[in-house]
Amino acid sequence: MKLVTWSLATFHATVFVLVIVLFGYSGGGLGAALSGLNTFVGLGLFVALWATTYLTTSRAVKGLDLVRSSRDRSRYPRRALRWGAANGMSFLAILGVVAIVAAISNTRPGQVPSGILFPALFIAPIALVVSAGVGGTVGALFGMIDLGLFALAGLAEQEADPKI
């Protein structure tokens, strides 16, 4: 099951980033948005997204047999929604910690880093709700895609062994 979880998490994180990049590129704002990032930061953000996606995907599929059990397939969409929301909030928390550490490290000694800390306290609750909504929506969408993939796997398994 670890290979399935790893595969799903990699698929989810990669497609999510690909869709964001394609929409950003087609809108023309990608260059300006990415101008402050370097390869190391971009890779770090992707690894953080993949790690949260792996952990939440493993919780969503834990104890389910999505290929053979229709009962488990009917339980999966709710789990995908719930753990997708948790993934969105987890990734936002990582981004928040990185932003706060960067703000603190970029302040001069004796100066209070209020430029980001105080607004973050007011924005964080709203951002968590939005990230839960976006994460839940994306999780539900990927959950439907996953169910289609598992249905195809079940058909291939039945074709290979008709006794199943």
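Arginine 73 touches Leu66, Val67, Arg68 and Leu147 when residues up to four places away in sequence are not counted, contact being defined as heavy atoms within 4.5 Å. This arginine is found in helix 4, where helices (H or I, at least four residues) are DSSP runs numbered from the N terminus. Arginine 73 is partly exposed, with a relative accessible area of 26%; the classes are buried (under 20% relative accessible area), exposed (over 50%) and partly exposed in between, with a 1.4 Å probe and protein chains only. The C-alpha atoms of arginine 73 and leucine 30, which are 43 residues apart along the chain, are separated by 38 Å. The model is predicted, so that local features need pLDDT of at least 70 and side-chain atom pairs count only at pLDDT 80 or more, whereas totals for chains, interfaces and linings use all residues. Residues are numbered from 1 along each chain as its sequence is written, and side-chain values use heavy atoms, with hydrogens and water left out.

Arginine 75 is also found in helix 4 and counts as partly exposed, at 32% relative accessibility. Its C-alpha atom and that of isoleucine 20, 55 residues apart along the chain, are separated by 29 Å. For tyrosine 76, the contacts, leaving aside neighbours within four places in sequence, are Ala60, Val61, Leu64, Leu66, Gly143, Asp146 and Leu147.

Tyrosine 76 belongs to the largest nonpolar core, whose nine residues also include Leu8, Ala60, Leu147 and Phe150. A nonpolar core is a set of buried Ala, Val, Leu, Ile, Met, Phe, Trp, Tyr and Cys residues joined through side-chain atoms within 4.5 Å. At least two residues of the largest core come from each of helix 3, helix 4 (70-105) and helix 5 (114-160). In soluble globular proteins, nonpolar side chains tend to be buried together.

Helix 1 (residues 2-27) comprises 26 residues and reaches 37 Å from its first C-alpha to its last, close to the 38 Å expected at 1.5 Å a residue; the expected span is 1.5 Å times one less than the number of residues. Thr5, Leu8, Ala9, His12 and Ala13 are buried in helix 1. Glycine 28 follows this helix with a positive phi, near 85 degrees.

In helix 3, the 23 residues should span 33 Å at 1.5 Å a residue, and the end C-alpha atoms are 32 Å apart, which agrees. The buried residues of helix 3 are Ala48, Leu49, Thr52, Thr53, Thr56, Thr57, Ala60 and Val61, and what covers them includes helix 1 and helix 4. Just after helix 3, glycine 63 takes a positive phi of about 80 degrees.

Threonine 52 lies in helix 3 (residues 39-61) and is buried, with a relative accessible area of 7%. Its side chain reaches the backbone oxygen of leucine 49 at 3.0 Å. With residues up to four places away in sequence not counted, threonine 52 touches Asn87, Ser90, Phe91 and Ile94.

The largest pocket has a volume of about 960 Å³, a volume being the space filled by probe spheres set on grid points joined across faces, edges and corners. On a 1 Å grid over the protein atoms alone, a pocket is an open set of points where a 1.4 Å probe fits, with protein on both sides within 12 Å along at least five of seven lines, and lining residues have an atom within 4 Å of a point. The lining of the largest pocket consists of 36 residues, of which Phe16, Val17, Ile20, Leu49 and Phe91 lie nearest its centre. Helix 1, helix 2 (30-34), helix 3, helix 4 and helix 5 each supply at least two residues of this lining.

Leucine 128 is found in helix 5 and is partly exposed, with a relative accessible area of 36%. Leaving aside neighbours within four places in sequence, leucine 128 is in contact with Met89 and Leu92.

Definitions and conventions. Polar contact = N/O pair within 3.5 Å; in protein donor to acceptor, adjacent residues only side chain to side chain.
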